[in-house]
Amino acid sequence: MSQDRALTGQEFELRPESRKRADRPKGLEWALVVLAILYPVALAAGPLFAIVWGALSSGFGAMMRQLTSPEAVNALKLTLLLSFAATALNTVFGLVVAMVLTRDDFKGRRVLNGLIDLPFAFSPVIAGFTLILLFGRNGWFVNLIDALNLRVVFALPGMLMATTFISLPFVARAVAPVLRHVGREQENVAYTMGAAYWRTFWSVTLPNIRWGLLYGVSLTFARAVGEFGAVLVVGGGVTRFTETATLYIYRSLDDRNEVGAYAMVLALAVISICLLWLMEYARKHAQDE
Amino acid sequence: MNATRAQTYSPASVAALPWGRWSLRAVALIWLGLMIALPLAVLFEHGLREGIVRFWAEITNPLALAAVRLTIFAAAVMTLINAAMGTLTAYVLVRYRFFGSRLFNSLIDLPFAIPTLVTGVMLVLLYGPQRTLGAWLEARGAHVIFARPGIVLALLFITYPFVIRTVQPVLMAIEREQEEAAWTLGASRWQTFSKVILPMITPAIISGALLSFARALGEFGSIVVVAGNIPRSTLTAPVYVFGQIESQNQMGASAVSILLLALSFTLMLLVDWMQGKRGGGHVAR
Amino acid sequence: MMLKHDGTNLSVADVGQFAKLSHIIILALSFLAAAGCGGPSDSNSEATLTLGAYTTPREAYNKAIIPEFQRRWKAKTGQEVEFQESYQGSGAQSRAITSGFEADIAALSLESDVTRIAEAGQAGQPGQPGQPGLIRHDWQANQYRGIVSTSLVVIAVRPGNPLGVRDWPDLADLTRRGLKVLTPDPKTSGGAQWNIVAIYGAALRGYAGVPKGDPRAAREFLGSVLRNVSIMDKGARESITNFEKGVGDVAITYENEVLVGRQAGQKYDYVIPRSTVLIENPVALVDAYADKHGVRQAAEGFIDFLWTRDAQRVFARYGLRPVEPATAQEVAAQFQPAGDVWKIDFLGGWKKVSQDIFGPNGVYTKSFEELHTSP
C-alpha cells in the first residue's frame with residue numbers, strides 16, 4: 001500500500017558524497033543558519049534551563065531527597081516496568097507484523113497496514129477511554145473479568161495495555177522499510193540451503209535489521225516512558241501503586257511540591273536524552289551500513 | 001505502491017515454516033485485532049449506540065464544535081509555522097557545514113523523546129505569569145500561557161521534528177548537479193531554491209506538515225497544563241473529550257472522539273497516498 | 001547498501017538480547033496476570049484499604065489522619081492496615097469509582113457524588129439491570145448525616161486585596177469588567193459546584209445586589225460572574241495553585257484550600273462574602289468493594305475514626321471546619337466569622353440542585369452555553 005514515512009528519521013538514501021558536499025555558509029547564509037538554530041533554542045532551551053534551575057532551587061540535597069522518597073521511587077519503578085513490558089510486547093509483535101507486511105502477500109494486507117498506524121491518530125485520552133469502555137464496570141468484558149476476579153482498569157494491566165497501545169507502531173514502522181530494503185535474497189538462499197525458518201530469521205534477517213530494530217525499540221521505549229493522558233484516564237492515580245512518573249509530576253505540582261515535580265521532570269529528561277542518544281546511535285549505524 | 005511485487009515463498013521455505021505461513025499471519029492479525037480493532041470497535045459502538053441522531057447532536061453541540069474548531073485552528077497555525085521553519089532547518093542541516101551541526105542534528109529528535117506533560121510544565125515554568133519572562137510579556141499584554149499562543153507553542157515543540165525529518169532525506173537525495181547546473185546558468189541561490197529544489201521537496205513538506213497536523217489534533221498532555229480550558233478560547237478537543245469522560249456525558253466523549261479519529265486517520269491516509277505517489281524511495285527487489 | 005553478512009556475524013549480543021526480551025515478555029505477562037488477579041492480599045493480620053477522595057483534604061488524610069488511624073487500629077486489633085490513596089476532583093473520583101475503581105471508602109466533596117456511587121449499577125444503568133448499587137446501607141444514618149467536615153466558599157485575593165474585592169457583586173461583570181476570576185470546572189470538580197451554588201444562592205437571598213427571591217435575576221447575576229471566569233481547572237487544588245502562580249485576580253475556592261495554602265507558605269488573603277454556602281463533605285463505605293476485598297471491619301473502623309475528637313482536630317488543623325460540636329467550639333477562634341451561612345437545603349438539596357442547576361437544562365449549564373456560544 002504505502003511507503004513507510006520517513007518520520008522515524010531514517011536516512012537510508014544518504015549517499016556519503018552528498019554529506020561531504022555541504023559547504024560552509026557564506027555571508028547572508030549565516031543568517032539562515034542562525035535562524036534555524038535560534039528557533040528551537042527559543043522553543044526549548046529556555047524551558048529546559050528553567051527546569052534544571054527549578055529542580056535545584058532548594059539545593060541538590062533537597063532534590064535528591066525528593067527523588068529518593070518512596071513515592072518518587074515507586075513512580076519511577078512503575079514507569080520503567082510498564083515501559084519495559086510494553087516495549088517487549090511491541091518488539092516481538094512488531095517484528096511479526098513487519099515480517100508479515102513485507103514477506104507475505106494476502107488479501108487483508110492493506111487493512112493490516114492501515115491498522116498499524118491507528119495509534120498515531122488516537123489521542124491518548126481516547127485510548128484510555130476505550131479501555132474503560134472495554135474493561136470497566138459497564139464494559140464489554142465485565143462478566144469475564146468478574147469471573148476471573150481480575151482488576152484491569154484502574155490497575156496495572158489496564159495501564160500496561162494503554163502504554164502498549166500508544167507505543168505500538170514504532171517497531172513495525174521502523175523495521176518494515178529495512179526489511180523491504182534488505183530484500184529476500186539472502187533469506188531465500190538460506191532456505192534453499194535447507195535452513196529452518198527460525199534459524200534463518202535469527203542468523204540472516206535479524207542481524208540485517210538490527211539497527212532499524214534498535215531505533216524502533218528506543219522510540220517505543222521513549223514514547224512509553226512519556227505517556228500521560230492514557231494512564232491518567234485508566235490508571236486512577238493511586239500513589240505508590242498506579243502512579244507513574246508523569247502522574248507523579250502532575251500530582252506534585254498540585255501538592256505544591258515544586259522541587260519534587262521538577263526533580264522528576266529532570267529525571268525523565270535524563271532518561272529521554274539517553275534514549276535519544278541511543279536512537280541517534282542506531283540511526284547513524286543504519287546509515288553507515 | 002512498493003515495487004516489491006508480491007513474493008511467494010519458495011517451496012523450501014514453506015516447508016521450513018513451522019506451521020505454515022498462516023501461523024505468522026494469524027499472530028499478526030490477532031495482535032492487531034485485539035490491540036487496535038477492538039478499541040476502535042467499542043468506541044464506535046458506544047458513540048453510535050443511541051443512534052445517529054444522538055451522535056450528530058453530540059458533535060454539533062456548540063461547545064464541542066468550538067473545541068474542534070479551536071483545535072483545527074491552532075493545529076493549522078502551528079503547521080504553517082512548522083512547514084516553513086522545518087524546511088529551513090532541513091535545508092540548513094543538509095547544505096551547510098558548521099560547528100555543532102552534527103550535535104544539532106542529533107538533538108532534533110528530542111521532542112520525540114520528551115514526555116508531553118514535561119513539555120507543558122516547561123512552558124508554564126518559562127512563560128507563566130510569575131516567571132520573569134512571563135511577567136515581562138504579561139506586562140506588555142502578551143498572554144502566552146493559558147491563552148492560545150501557549151497552545152501553539154506547545155504544539156510547535158512537540159511536532160518540531162516532523163517536517164525536518166521528512167524533508168531531509170529528499171533534500172539529500174537531490175542531485176547536487178542539478179543545483180550546480182542552475183548556478184552555472186546564472187540563477188541566484190534563492191532562485192535555485194524556489195525553482196529547482198522547492199518543487200522537488202514540496203511533497204515531502206506536505207507529508208511532514210500533514211503528519212504534524214494529525215499529531216496536533218490529538219495532543220493532550222501538554223495542552224492540559226498550558227491552556228486554560230475556557231471554551232472557544234482555550235479548550236481544545238482532546239481536553240474537551242477528557243472533560244466529557246469525567247462527567248455525565250460519556251456518549252459525548254465517544255462521539256467527539258470518533259470525529260477526531262476520523263479526521264486524524266483521513267489525514268494519515270492522505271500522507272500515505274502522497275508518499276506512495278512520490279514513487280519508490282526504497283530500493284526495489 | 002552493502003550487506004555484509006556471512007552467517008557468522010550473528011553476535012552473541014544479538015541472541016542474548018532476544019533471550020532477554022523473551023524473559024521480559026514472560027515476566028510481563030505473568031506480572032500482568034498476578035497484578036490483575038484478586039487484589040491486595042488480605043489476612044487477619046493485615047489489610048489494605050483503598051481511599052478514593054477529592055483533592056482538598058489530601059494533606060489532612062495523608063499526613064495525619066491515616067498514620068494516626070494505622071497506629072490506633074494496630075494497637076486495638078493488632079491488624080496492620082496499608083492505605084492506597086487516590087485524590088482527584090470529586091466528580092471525577094465519583095465516576096472513577098462507578099467505572100471500576102475499587103475504592104473501599106469514598107470521601108468526596110458533595111453528597112450527590114456519593115449518591116451517584118450508591119446508585120451505580122442499579123436498574124436503569126445501561127447494560128446492568130437489577131444489579132445492586134455499590135453502597136448498600138444508609139450512609140447518612142448517623143447523627144452527622146454522613147458529613148465529616150465542613151468549609152465555606154470564599155474569595156481568595158492577592159495580598160492586601162489591592163482590588164478591594166469584598167463580596168459577590170464585586171466579581172460580576174457589571175461592576176468589574178476585565179476582572180479575571182478563577183473557578184474550577186463543575187463537570188469534574190465538586191468545589192466548582194459549591195462555588196456556583198454559593199453565587200446563585202447568595203443572589204437569591206438578596207446579597208448580590210439583585211432582587212431577593214428572583215430566580216431570573218439570580219441567574220443573570222451568575223452569568224455576569226461567569227463572564228469574568230478566565231480558566232476552569234479540573235479540580236479545586238489545581239485552581240488555587242494556578243492562582244498562586246500568578247494567574248487571575250481572584251479565585252473562588254474552599255476556605256480550607258486557602259488555609260492549607262497559607263500553611264504551605266503561600267501569601268494571599270481571602271474574604272468571606274456576606275452570604276455563602278456551607279460546604280459539607282460526606283464520607284461513605286463502599287459496601288460492594290469493601291466486602292469484595294474482605295476489609296469491611298477495618299474500613300468501618302476508619303470511617304468511625306473520622307468523627308472522633310482527634311480526627312476532627314486534624315481536620316481543623318488543615319483548615320476544615322469540624323462537625324463534632326465540642327471540637328468545633330474548641331477551634332472556633334481559628335476561623336473567621338461568617339455572616340449569612342446557609343446549607344444546600346435552601347436550594348432544595350443536592351438531588352434537586354443536580355438537576356435544576358447542573359442538569360442538561362440547568363441554570364448553570366444554560367448560562368455557560370449562552371456565554372460561550374453566542375457570536
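**Close-up views of the predicted model**

**View 1. Chain B as a whole.** The accessible surface of chain B comes to about 11,200 Å², and carbon and sulfur atoms hold 69% of that surface (Shrake-Rupley method, 1.4 Å probe). This is a predicted model, in which local features need pLDDT of at least 70 and side-chain atom pairs count only at pLDDT 80 or more. Residues are numbered from 1 along each chain as its sequence is written, and chains are lettered from A in the order in which they are written. Chain B has 15 helices and 0 strands (DSSP runs, H or I of at least four residues for helices and E of at least two for strands, numbered from the N terminus). Of its 285 residues, 61% are buried (under 20% relative accessible area, 1.4 Å probe, protein chains only).

**View 2. The largest nonpolar core.** This core holds 320 residues (buried Ala, Val, Leu, Ile, Met, Phe, Trp, Tyr and Cys joined through side-chain atoms within 4.5 Å). Among the residues touching the most other members are A:Ile249, C:Trp168 and C:Phe302. Helix H4 of chain B (residues 62-95) gives the most to the core, with 16 residues.

**View 3. Surroundings of C:Phe302.** Beyond its neighbours within four places in sequence, C:Phe302 is in contact with residues including C:Leu49, C:Tyr61, C:Phe69 and C:Ile105 (heavy atoms within 4.5 Å).

**View 4. Helix H11 of chain B.** In H11 (residues 176-184), the buried residues are B:Arg176, B:Glu179 and B:Ala182. Down the axis of H11(B) they fall within an arc of 125°, so they line one face of the helix (directions from the helix axis to the C-beta atoms). Their cover includes H4 and helix H12 (189-217) of chain B. Just after H11(B), B:Gly186 has a positive phi of about 100°.

Note on methods: Side-chain values use heavy atoms; hydrogens and water are left out. Buried means under 20% relative accessible area, exposed over 50%, partly exposed in between (1.4 Å probe, protein chains only).
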